[in-house]
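Please keep the sequence and structure in view while reading.

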Amino acid sequence: MSAFHILIVDDNEPNLYQLQVLLGGSGYQVVAAVNGAEALTKARQNPPDLVISDILMPVMDGFTLCREWKKDERLRQIPFVFYTATYTDERDREFALSLGAERFLVKPEEPEVFILTIREVIQQLQRPPAPLAANTPARLPMEEPLREEFGYLSQYNEVLIRKLEAKMQQLEEANRELERDITERKRAEAALRQMSRRLLRLQDEERRRIARELHDTTAQSLAALAINLNVVKDSAPDLSARARACLSESLELAEECSREVRSVSYLLHPPLPDEAGLGSALRWFIDGYTQRTGIHVDLEIPPGLTRLPGDVELALYRVVQEGLTNIRLHSGSKKARVCLECRPDQAVLTVADEGRGMPPGLLERMGRHGGELGVGIPGMRERIRQLGGQLEIVTGSKGTTLTAIMPLREEPV
Ligand SMILES: Nc1ncnc2c1ncn2[C@@H]1O[C@H](COP(=O)(O)OP(=O)(O)O)[C@@H](O)[C@H]1O
Ligand SMILES: [Mg+2]
């Protein structure tokens with residue numbers, strides 16, 4: 001006797017596979033179809049001994065398949081088992097059974113229970129056929145086809161609409177959840193941005209205060225110290241050679257300290273590009289920088305550079321200031337290059353050195369904590385981002401290059 005032949009219908013590949021393994025392993029011969037229409041075609045070509053069908057499937061769902069099955073003279077005696085994860089309401093079960101299905105199983109069923117149920121259906125099948133029940137649609141007297149069709153359609157509609165409503169409700173809930181998340185996130189981002197702006201402003205104010213303090217007090221005292229030491233040097237000809245050497249050295253130290261303090265004060269708060277415009281301010285700042293640090297800077301500015309929007313000029317100026325300060329502190333390079341290009345829609349500024357490059361992994365770490373607050377590079381990034389631009393950094397053993405790209409808005413006419 002040939003193996004018992006079961007047709008399984010499911011649009012979900014893993015589900016089909018699972019059933020195939022389970023039923024195949026129990027000695028059944030299994031044929032698969034991915035929707036109702038394919039199942040009908042296959043069953044008509046080669047009728048199975050049993051069909052197990054999912055309900056929610058594209059092209060033709062399980063309800064329609066069962067309906068067609070029970071209308072087909074050649075198929076209607078073959079038992080039909082529903083196996084569904086979506087239609088789990090009691091009314092869905094009633095509707096499914098009213099279509100003439102033998103069983104209605106809800107996924108996922110324990111494999112043993114599933115197989116037992118299937119065996120039971122098969123045993124019933126092997127008993128002599130019971131007289132047809134009068135109230136199943138497939139077994140209705142033929143003289144009432146219209147009324148029956150109408151009853152079927154309205155129940156089918158009801159089942160679908162119930163399912164649709166449940167899905168809509170789930171979707172709406174998910175949507176609300178999503179909206180809550182988005183609002184929360186937006187609020188957090190806005191707070192972070194505000195905090196960054198505040199931090200940058202405070203940093204500016206603090207730098208200005210320290211620069212002024214250094215310039216007005218420490219630098220003045222050091223200058224006075226140098227003058228006094230000069231006076232001592234001139235009016236003490238009979239000092240020992242050792243004392244003279246010490247005095248000269250002290251004088252040099254005082255002068256060096258004074259220069260350093262002025263440099264730091266200058267670099268902390270250089271003159272801003274307000275009236276002079278970005279080009280002149282950069283030239284001025286870079287002259288002072290080279291004088292104080294000994295680092296030579298090539299500066300390239302477009303010849304007829306016109307004024308850019310004030311906030312753009314200030315942000316670019318800050319990039320040069322921070323970039324050159326980093327070169328002095330971290331790169332070890334004796335040369336730097338600052339280049340500004342202006343295109344109609346954007347300004348591109350690069351600040352490059354030929355130094356040792358940034359420590360490995362630092363950029364990635366900064367990128368990973370992208371929203372991080374801070375001074376230095378995160379501060380530059382934030383200023384540029386606030387104006388819709390971006391900062392790119394390339395670094396390696398041959399040096400570091402910062403590129404700031406700033407969109408230039410069309411000025412309204
Ligand atoms: N031009 C550069 N060359 C080498 N390393 C750099 C350069 N610029 C920045 N760095 C590295 O990146 C780090 C972060 O820079 P920054 O954010 O400006 O902070 P800070 O200068 O206060 O340390 C520096 O500590 C330094 O290790
Ligand atoms: Mg820095």
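Two residues are in contact if their C-beta atoms, placed from the backbone, lie within 7 Å. This is a predicted model, in which local features need pLDDT of at least 70 and side-chain atom pairs count only at pLDDT 80 or more, while totals for chains, interfaces and linings use all residues. Residues are numbered from 1 along each chain as its sequence is written, and chains are lettered from A and ligands numbered from 1 in the order in which they are written.

**Sheet and helices**
- Helices (H or I, at least four residues) and strands (E, at least two) are DSSP runs, numbered from the N terminus.
- Helix H11 lies across S9 and S10, at about 145° to S9; axes are lines fitted to C-alpha atoms, for helices over the stretch in contact, and angles run from 0 to 180 degrees between N-to-C directions.
- H9 lies across S7, S8 (346-353) and S10 (399-407), at about 10° to S8.
- The open sheet has five strands in the order S6-S7-S8-S10-S9, with mixed pairing (strands pair if DSSP finds at least two bridges between them).
- S6 (296-300) and S9 (390-396) are the edge strands, each with a single partner, so one side of each lacks a neighbour in the sheet.
- S6 and S7 (335-342) run parallel, joined by five bridges.

**Ligand 1**
- The shell holds 15 residues, the closest being Asn326, His330, Ser331, Gly376 and Ile377 (near means a C-beta atom, placed from the backbone, within 6 Å).
- H9 (310-331) and H11 (376-386) each give two or more residues to this shell, and H9 has the largest share, five residues.
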